[in-house]
Amino acid sequence: LERAETHVIKKLSNESKFYVMLVGFQVLYLCAVCTLILLDHETRDADAYAIIWIVSATAMLYFVFDCVKREDHFTLWTSVIVHGVVMGYAIYVSFDASVKASMGSYFQQLALATGIETVVVQLLLIAAAYRVHDSFGWYIHRRVGPDLHLQKIFRVYNIFYSLLKLDFVVSLLICILASFLVLRELETI
């Protein structure tokens, strides 16, 4: 298994490697910020936001690595959308008054810096995704062949596969958010 993964990494284009590294650094940054939030015992309400960030970032890394490994155009753009959702959530947490009220001033500044950093990385990802999309080239012809009917079936399969993964991630995030809301209501009883 290790040799197979090494082989996949060696055959990636430079654009794909840059794209995966950029998302990897973004995920590491978000996980570090979330770890700081989780270690602070005064910010109990922010724990839900931190855990949702970690799950979203991990899903984003999975989407990116899978799309680059499989050279799937649709999954590539789905990964950009997933990162856009993470970006929107980061901006929401950065500027939401109720979240700011539950955080200390240090975490307010950290949330603002994370929101700005996520926007910058999102813009870089959109530019890099276009280059990665071009680097995939004739993958579908190598995989399926020149038959147009098989290519159409393969595209539908890739779209279904990507939407299935996206649906799983969104369902997981909704379950996590709902569990935190239920736990918060149980604490007030």
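In the predicted model, K165 lies over the face of F63, 5.1 Å from the ring centre; a charge is taken to sit over a ring if NZ of Lys or CZ of Arg is within 6 Å of the ring centre and within 35 degrees of the ring normal. K165 belongs to helix α8 and, with a relative accessible area of 9%, is buried (buried means under 20% relative accessible area, exposed over 50%, and partly exposed in between, with a 1.4 Å probe and protein chains only). Apart from neighbours within four places in sequence, K165 is in contact with Y62, F63, D66, R70 and T75, contact meaning heavy atoms within 4.5 Å.

Residues are numbered from 1 along each chain as its sequence is written, and side-chain values use heavy atoms, with hydrogens and water left out. Because the model is predicted, local features need pLDDT of at least 70 and side-chain atom pairs count only at pLDDT 80 or more, whereas totals for chains, interfaces and linings use all residues.

The secondary structure of the chain comes to eight helices and zero strands; helices (H or I, at least four residues) and strands (E, at least two) are DSSP runs, numbered from the N terminus. Of the 189 residues in the chain, 39% are buried. Among contacts with a separation of 6 or more, 75% join residues 24 or more positions apart. V55 is placed in helix α3, and its contacts, leaving aside neighbours within four places in sequence, are L172, L173 and I176.

The structure holds three aromatic pairs. Rings of Phe, Tyr and Trp (its six-membered ring) pair if their centres lie within 6.5 Å; planes under 30 degrees apart count as stacked, over 60 as edge-to-face and the rest as tilted. The pair of F154 and Y157 is tilted, because the ring centres are 6.4 Å apart and the planes lie at 35 degrees. These two residues, F154 and Y157, are three residues apart in helix α8 (residues 148–188), and are therefore separated by about one helical turn. F154 counts as buried at 13% relative accessibility, while Y157 is partly exposed, with a relative accessible area of 44%. Y157 also pairs with Y161: the centres are 6.0 Å apart and the planes are at 20 degrees, so this pair is stacked. Both residues lie in helix α8, four residues apart, about one turn of the helix. Y161 is partly exposed at 23% relative accessibility. Together, F154, Y157 and Y161 form one aromatic cluster.

The largest pocket holds about 250 Å³ of space. On a 1 Å grid over the protein atoms alone, a pocket is an open set of points where a 1.4 Å probe fits, with protein on both sides within 12 Å along at least five of seven lines, and lining residues have an atom within 4 Å of a point. Grid points are joined across faces, edges and corners, and the volume is the space filled by probe spheres set on the points. The largest pocket is lined by 13 residues, of which I52, S56, V85, V170 and L173 lie nearest its centre. Helices α3 (46–70), α4 (73–95) and α8 each supply at least two residues of this lining, and α8 gives the most, with six. The lining has twelve nonpolar, one polar and no charged residues, where Ala, Val, Leu, Ile, Met, Phe, Trp, Tyr, Cys and Pro count as nonpolar, Asp, Glu, Lys and Arg as charged, and the others, Gly among them, as polar.
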